[in-house]
Amino acid sequence: MQQQTVKIVGIGGSPRPHSTAERALRVVLREARRLGAETCLIGGSELMLPLYDPREEMRSPQALRLIAEIASADGVVIASPAYHGTVSGLVKNALDYVEELRGDARPYLSDRAVGLLAVGQGWQGAVSTLGTLRTVTHALRGWPTPLGVAVNSEMANFDADGGCSHPHIQDQLTAMAVQVMEFACSRQAAGPVQAEELAVGAGRPAR
């Protein structure tokens with residue numbers, strides 16, 4: 001049976017257009033496309049969602065799109081700016097919406113490779129934010145790639161063509177895309193896992 005094209009969804013950035021986090025995310029998605037993936041970007045402006053309330057029955061069109069894109073993804077890449085040493089409220093709120101996939105055939109981020117990148121004005125905030133993203137991904141049952149990328153915005157800029165001025169960071173971003181793709185392709189080839197096999201509890205927010 002012919003293997004289907006894998007889908008990689010990028011989530012993140014800030015309300016500021018062309019933020020460093022979103023530009024770094026675009027580098028990863030561009031490499032994933034070069035490797036044959038279908039990609040989708042949900043950037044900062046599209047993440048300005050109502051504060052997640054698990055009791056709310058109606059969801060905004062933007063929230064429904066976010067949920068649908070994640071549900072259909074074979075891999076996810078999450079990018080956050082460092083706000084006071086941790087994930088921005090914008091990105092954390094978006095990740096809270098993954099709770100809507102608790103009853104899906106692949107609940108939360110199950111069965112998906114998750115690439116993580118964090119951007120800070122200095123290494124301390126970027127590294128601590130990357131650690132938080134990894135913790136959240138584990139809680140949502142995702143598979144963080146071995147390589148996560150911390151970007152120091154004082155050292156790395158992005159040009160008009162989307163490339164990173166820092167060769168090492170550019171190489172890390174493309175390497176992470178390769179890891180997400182390798183996992184997504186191998187997992188797709190292995191076939192689906194039954195939902196009941198994934199039912200060991202993740203931490204759910206109080207209702």
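**View 1. Strands 5 and 7 pair in the parallel sense.** Four bridges join strand 5 (residues 113-120) to strand 7; pairing needs at least two DSSP bridges between two strands. Asn 152 in strand 7 is the bridge partner of Gly 120. Strands (E, at least two residues) and helices (H or I, at least four) are DSSP runs, numbered from the N terminus. This is a predicted model, in which local features need pLDDT of at least 70 and side-chain atom pairs pLDDT 80 or more, while totals for chains, interfaces and linings use all residues. Residues are numbered from 1 along each chain as its sequence is written, and side-chain values use heavy atoms, without hydrogens and water.

**View 2. Strand 7 (residues 149-152) is covered on both faces.** Val 149 and Val 151 are buried on one side. Ala 150 and Asn 152 are buried on the other. Buried means under 20% relative accessible area, exposed over 50%, and partly exposed in between (1.4 Å probe, protein chains only).

**View 3. Helix 3 (residues 89-96) packs through its buried residues.** Leu 90, Val 91, Asn 93, Ala 94 and Leu 95 are buried. The buried residues pack against strand 1 (7-12), helix 2 (61-71), strand 3 (75-83), strand 4 (86-87) and helix 4.

**View 4. Val 127 lies in helix 4 (residues 123-139).** Val 127 is partly exposed, because its relative accessible area is 49%.

View 5. pLDDT is the predictor's confidence in each residue, from 0 to 100. The chain averages 89, and 90% of the residues score at least 70. Where pLDDT is low, the predicted coordinates should not be read in detail.

Definitions and conventions
Contact means heavy atoms within 4.5 Å.
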